[in-house]
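I opened the file to look up helix packing and charged pairs. My notes follow in the order of looking.

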Amino acid sequence: MVDKPELYDPFQKVRGFKYTGSLRAVYPLSPKTKIPAHIRRPNYGREAVSMATAHLKLFPSRRIRVNTTEDQEGVRKVAKLARESLDHIAAMIRPGITTDALDEALVQASIERKCYPSPLGYHGYPKSVCTSVNEIICHGIPDQRPLEDGDIINLDVTLYHNAGYHGDLNATFPVGEKARESEPLMRLIRTARECLDAAIAICGPDMPYAEIGRVIEPIAKANGCCVVKEYTGHGIGRVFHGPPPVYHYPTKKSYGTMRPGHIFTYGVFHCY
């Protein structure tokens, strides 16, 4: 019989660290994921490269890549595989399951599709999917905490296919009947979807990227939500994160105009 490791919170005694809500980390993390050798890795997926480049900026250039038809097909294919994988682990969501178990399932789903889970090793990230529960805005690390009835969880899945392209998508789900019966939580989820659909509707050639934020923020405010301004969408394809940064609120920091061949992703970061 194997003894279970003692659970602990590694941030409890960190000087200057303060939780923003009731959620707490539950460690230890499970052992480092091993990806089979036949799965193609992005450059940072090789440990030596990952450690050497962890300090680099996400957007070192403002040049927005114009993708070829081949590039577009490559991203379209891996995005479909990522969607299949997200749907697979989303079906497992229930009170009592740990986010670590969801991570393990995502690894298997990605390997079955000949994909590398893009978050693994990216800027030192230790897991293969981002599981953000309740007040965690994004990039939550899967751990040993069981999901509880009344939680919400965002699953952020990105896969890197053998052809050399990343596909990135996410979705937020209620956990259990308490969450599904919670008006504020379901309003938050519905508002994020409404903002996403409205922003997609304006996308097309010659549309300034700044217009996305001008569409999203009024919808969020009308539904009693606010946009979290610390995070943005981004270009994607042969690199995990590339220009342009896609802001979800009006700002003069936004640059660029949509052109045929541009590929980008944006998640709507809201709170209430």
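I began with Glu183, which is partly exposed at a relative accessible area of 45%. I kept in mind that the model is predicted.

I then looked for the partner of Glu183. The Glu183 side chain forms a salt bridge with that of Arg187, at 2.8 Å from N to O. Both residues belong to helix H5 (residues 183-202) and sit four residues apart, about one turn of the helix. I also noted a network in which Arg65, Asp71 and Arg238 are joined by salt bridges that share partners.

I searched the whole structure for such pairs and got 14 salt bridges.

Next I took Arg145. Its side chain meets Glu148 in a salt bridge with an N to O distance of 3.7 Å. Arg145 also forms a salt bridge with Asp151, where the closest N and O atoms are 3.0 Å apart. Arg145 has a relative accessible area of 12%, so I list Arg145 as buried, the cut-off being under 20%. Asp151 is buried as well. Glu148, at 45% relative accessibility, is partly exposed.

Last, I turned to helix packing. I looked at H2 (residues 69-90) against H3 (residues 99-112): the angle is about 145° and the axes are 9 Å apart. The crossing of H2 and H3 is right-handed. From H2, the contact uses Ser85, His88 and Ile89; from H3, it uses Leu102, Ala105, Leu106, Ala109 and Ser110. I sorted the residues of this contact by type and got five nonpolar, three polar and no charged.

Conventions:
Residues numbered from 1 in each chain as written. Predicted model: local features only at pLDDT ≥ 70, side-chain atom pairs only at ≥ 80, totals over all residues. Heavy atoms only, no water. Axes fitted to C-alpha atoms, helices over the stretch in contact; angles between N-to-C directions. Helix = DSSP H or I, 4+ residues; strand = E, 2+ residues; numbered from the N terminus. Left-handed = near helix turned anticlockwise from the far one by under 90°. Contact = heavy atoms within 4.5 Å. Nonpolar A, V, L, I, M, F, W, Y, C, P; charged D, E, K, R; others polar. Salt bridge = Lys/Arg side-chain N within 4 Å of Asp/Glu carboxyl O. Buried < 20%, exposed > 50% of the residue type's maximum accessible area, 1.4 Å probe, protein only.
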